[in-house]
Amino acid sequence: LNLAPSEVLEALNRLLDDNRELCIPETGETLVPHPHFMLFATQNPPGSYGGRKVLSRAFRNRFLEMQMDEIPPNELCTILERRTRIPSSFCDKMVAIMLDLQRRRSSSRIFAGKAGLITPRDLFRWADRKPLSYQELAETGYVLLAERLRQPAERLAVQQVLEATLTLAKLEPTKLYAHLMEASPRIGAGGEGDEKAMATTPITAAAPSLVWLPSAVRLCGLLSACLSHAEAVLLVGETGTGKTTMCQHYAA
């Protein structure tokens, strides 16, 4: 609600008062809502998220305001297990990692940016990749949590938390990128329906014009993992870092 433009809030203000009317200045119309009309709205705290405005007390008084607390860790574990059907031990570890990263974010300057915030939505995405071992759990967590951070120190902190919580796992990002690229769903040059060619043709042969330096392998591996799980992707970086080239490669 506190992201809405001021003109929208002004219209809602009149709609929610005793007049219960919605005026449209452009047409001169005045609309009367259905007798059973109700408005439910949500918002994030204005001080914690960028772009949110502080709503006036008079406007907020037109609602029955309820404060929502964070989901307790034990309930979050239960939600994860029932929604994604992964082992409860995995859920416990994932929530523990989330809490550890949140504590580090609140006690130091690390993870100060918006991308440093880990939420239950990240846990669901993490679990939906269906890791089968602690090693896969750590690798998937690194890809989803560390790779959106720009500073190497922040990515290293995520790696340390993952390895400390998942004591049997050892992360080697360079090998991880190569493995993800090898498992790419778009690695062949076969025609339509030629699944065998798609499965056996190396990605380097399918894209001979690309120079497969470590940065390209990393980008390709991360993008491949997202595509194989039908996840929306946002590539963030300066001009000339290969974002468009990699998109063109997968679109070809």
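In which hand does helix 6 pass helix 7? Helix 6 passes helix 7 in a right-handed crossing. The model shown is predicted, so local features need pLDDT of at least 70 and side-chain atom pairs count only at pLDDT 80 or more, while totals for chains, interfaces and linings use all residues. Residues are numbered from 1 along each chain as its sequence is written, and side-chain values use heavy atoms, without hydrogens and water.

**View 1. Crossing of helix 6 and helix 7.** The axes of helix 6 (residues 134-146) and helix 7 (residues 152-165) come within 10 Å and cross at roughly 155°. The two helices are therefore roughly antiparallel to each other (angles over 145 degrees).

**View 2. Residues in the contact of helix 6 with helix 7.** A138, G141, Y142, L145 and A146 of helix 6 meet R155, V158, Q159 and L162 of helix 7 (contact: heavy atoms within 4.5 Å). These residues divide into six nonpolar, two polar and one charged.

View 3. T140 counts as buried, at 12% relative accessibility (buried is under 20% relative accessible area, exposed over 50%, partly exposed in between, with a 1.4 Å probe and protein chains only). Leaving aside residues up to four places away in sequence, T140 touches W126, R129 and P131.

**View 4. Cysteines C23 and C77.** Zero disulfides are found in a search of the whole structure (a disulfide is a pair of cysteine sulfur atoms within 2.5 Å). For C77, the nearest cysteine sulfur, that of C91, is 6.3 Å away. C77 is buried, with a relative accessible area of 12%, whereas C23 counts as partly exposed at 30% relative accessibility.

Methods: Axes are lines fitted to C-alpha atoms, for helices over the stretch in contact, and angles run from 0 to 180 degrees between N-to-C directions. Helices (H or I, at least four residues) and strands (E, at least two) are DSSP runs, numbered from the N terminus. Angles under 35 degrees count as roughly parallel, over 145 as roughly antiparallel, 65 to 115 as roughly perpendicular and the rest as oblique. A crossing is left-handed if the near helix is turned anticlockwise from the far one by less than a right angle, and right-handed if clockwise. Ala, Val, Leu, Ile, Met, Phe, Trp, Tyr, Cys and Pro count as nonpolar, Asp, Glu, Lys and Arg as charged, and the others, Gly among them, as polar.
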